[in-house]
Amino acid sequence: MRYSQYLLPTLKETPADAEIISHQLMMRGGMIRKVAAGIYSYLPFGLRSLRKMEQIIREEMDKAGAIECLMPMANPAELWQESGRWEKYGKELLRFKDRKSADFCMGPTHEEVITDIVRNTVNSYRQLPLNLYQIQTKFRDEIRPRFGLMRGREFIMKDAYSFDMEDAGADSSYAKMFQAYRNIFNRCGLNFRSVEADSGTIGGNFSHEFMVLAESGEDGIVSCDSCDYAANVEKAELVYAELETPVATQELQQVDTPGQKSIAEVATFLQLSPQQLVKTLIVQTAEDEVLAVLLRGDRELNDIKLANLLDTDWVVMAEDDVVKEVTGAPTGFAGPIGLQVKVVADSEIKAMADFVVGANGVDSHYRGANLERDFSASQFADIRQAEAGDSCPRCEAGKFESWRGIEVGHIFKLGTKYSEALNATVLDDQGKSKPLVMGCYGIGVGRTVAAAIEQNHDENGMVLPMPLAPFQVLVTMLNPKDDEVREAAETLYQQLLDLNIEVLLDDRNERPGIKFKDGDLIGIPLRVTVGARSLKEGNVELKVRKSGDVSLVAVTDVVTKLQQQVSEALTVVPES
């Protein structure tokens with residue numbers, strides 16, 4: 001491809017609404033353009049990366065035995081009403097009526113449609129196992145779309161759905177997809193972790209997320225430093241030994257804490273560490289139940305764990321007026337002593353004594369508070385966020401390390417949630433009708449490309465891995481008006497094309513400085529600069545974008561060297 005004939009509109013300035021680096025660089029590097037909030041056009045340069053991602057996915061899904069199909073974006077309401085998600089999914093489900101006033105939605109995911117297909121086409125165990133996938137545009141009406149392709153409303157997704165006769169078969173299908181996902185992200189050249197995760201609105205009883213590690217990641221994950229256990233902090237299990245409540249050594253004492261509301265403020269004021277405080281959070285469930293939650297002062301609540309414990313769809317912090325009604329005081333002074341609502345405590349509280357809690361009065365706290373003597377909890381459980389340094393639940397010696405990650409893939413064991421709701425059954429070898437056991441498996445195509453940029457960039461622009469880079473080689477012609485330079489660059493360009501190496505020839509009539517800046521910005525892995533000075537010595541300049549290494553290579557050798565470097569960059573080292 002010739003740059004002079006290509007649509008690659010780079011920008012010098014960062015768009016004002018681009019908050020994270022992938023959004024900034026995809027806009028500046030001519031990959032995407034915004035159409036509406038959370039909706040983008042993929043320009044030719046960006047589309048090449050997406051298509052490469054899709055091809056890797058297709059190859060690994062096909063290798064794992066999945067079969068590609070394509071389902072409609074517009075879904076009839078009847079299917080979603082059958083599953084119960086028409087009302088439950090919430091405002092992210094974009095609903096509309098057609099000209100006959102029939103209700104439809106734009107599919108954010110396709111469990112209902114695929115289950116409908118299978119229930120009408122598969123009727124015997126002999127047709128199983130079956131795994132169908134598609135790569136298709138989805139729509140989720142995010143309340144706050146942001147971060148470019150990272151959290152858009154319209155996006156490209158690969159979603160697959162497996163169907164088995166029994167749990168053992170479903171476990172086998174899940175394992176195949178787990179390995180296929182590892183193969184996909186390894187082939188993309190990404191540093192990632194597969195972590196245990198919560199199933200969220202999709203449902204099911206087991207799931208893994210695939211996280212690209214990046215400092216800008218919106219998800220916290222932990223992994224053991226001694227074994228292969230890893231999990232999203234929402235899911236990470238914590239180890240609680242058999243805890244006995246220590247003997248109290250202090251009397252309960254109410255103290256004034258004027259204006260001190262936060263844990264940090266109270267701890268500083270009383271000259272204590274946050275670990276000597278217990279915070280009381282007043283929360284509400286989806287069913288409007290109000291309860292108090294106790295955590296050690298330096299810990300954070302895991303609302304997913306709490307919601308699962310309470311068997312509710314969600315929990316939120318109570319509004320100020322609810323807090324005042326329950327505690328008799330403004331937010332910031334709540335404590336468990338004297339409360340008339342259910343109290344749920346993190347298991348860690350069992351090992352504490354003589355701690356500080358709110359006194360349910362303005363500017364007031366209790367010192368020397370103790371379990372059982374001063375208050376009781378109706379339930380103890382693991383409800384806090386996991387942190388670096390916590391003990392691993394799977395091995396004795398390991399400790400957690402913490403990372404930031406960007407979720408790019410998620411796989412679920414659904415069980416019979418959708419097959420029972422939509423009556424998708426088959427006859428087993430005894431002629432008995434049984435609901436299908438399902439799994440579902442998603443990858444965000446554009447999100448993965450954006451995550452790759454978050455992980456691979458520098459102050460000058462993108463440094464995409466070779467497997468996802470729009471082009472493999474950039475040939476920069478320094479002076480197109482110089483016949484010798486043009487002839488050498490054109491010859492090199494054609495030789496690379498003949499070898500099926502993806503090459504962009506920068507034949508623009510621009511200053512070298514502009515070409516070099518654009519070259520760094522768009523991040524093509526290998527750049528060959530053809531200039532009059534080096535040609536006089538029979539050389540061209542080769543720059544490796546990732547390392548920044550620059551070397552002079554003989555014109556007669558450069559094609560072979562480029563071919564070798566491209567091949568090495570695309571070679572995947574098998575997992576140990």
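Which domains does the domain assignment of the chain give? The answer is domain 1 (17-220 + 402-454), domain 2 (253-381) and domain 3 (471-570), with bounds that come from an automatic or database domain assignment. The model is a predicted one, so local features need pLDDT of at least 70 and side-chain atom pairs count only at pLDDT 80 or more, while totals for chains, interfaces and linings use all residues. Residues are numbered from 1 along each chain as its sequence is written, and side-chain values use heavy atoms, with hydrogens and water left out.

Take domains 1 and 3 to begin with. Their C-alpha centres sit 39 Å apart. Six residues from domain 1 and six residues from domain 3 make up the contact, where contact means heavy atoms within 4.5 Å. The size of an interface is often given as the accessible area lost when the parts come together. Here, domain 1 and domain 3 bury about 580 Å² between them, and 65% of that is on carbon and sulfur atoms; buried area is the accessible area (1.4 Å probe) that two parts lose on being put together, summed over both. On the domain 1 side, F45, R48 and K52 bring in 71% of the area buried against domain 3, more than any other three residues.

K52 turns up again in the polar part of the story. The side chains of K52 and E502 form a salt bridge at 2.4 Å, N to O, a salt bridge being a side-chain nitrogen of Lys or Arg within 4 Å of a carboxyl oxygen of Asp or Glu. The count between domain 1 and domain 3 is one salt bridge. As for secondary structure, α1 (21-28) and α2 (44-63) each give at least two residues to the side of domain 1 that touches domain 3; helices (H or I, at least four residues) and strands (E, at least two) are DSSP runs, numbered from the N terminus. The largest share of that side, three residues, comes from α2.

Most residues other than glycine have a negative phi, and most peptide bonds are trans. The peptide bond from L128 to P129 is cis, with omega near 0°, and P129 lies in the loop between α5 (111-121) and β7 (130-139). S101, not a glycine, has a positive phi of about 65°; its place is the loop between β5 (95-97) and β6 (103-106). D311 also shows a positive phi, near 55°, in the loop between α8 (303-310) and β16 (315-317). At 68% relative accessibility, D311 counts as exposed (over 50% relative accessible area, 1.4 Å probe, protein chains only; buried is under 20%, partly exposed in between).
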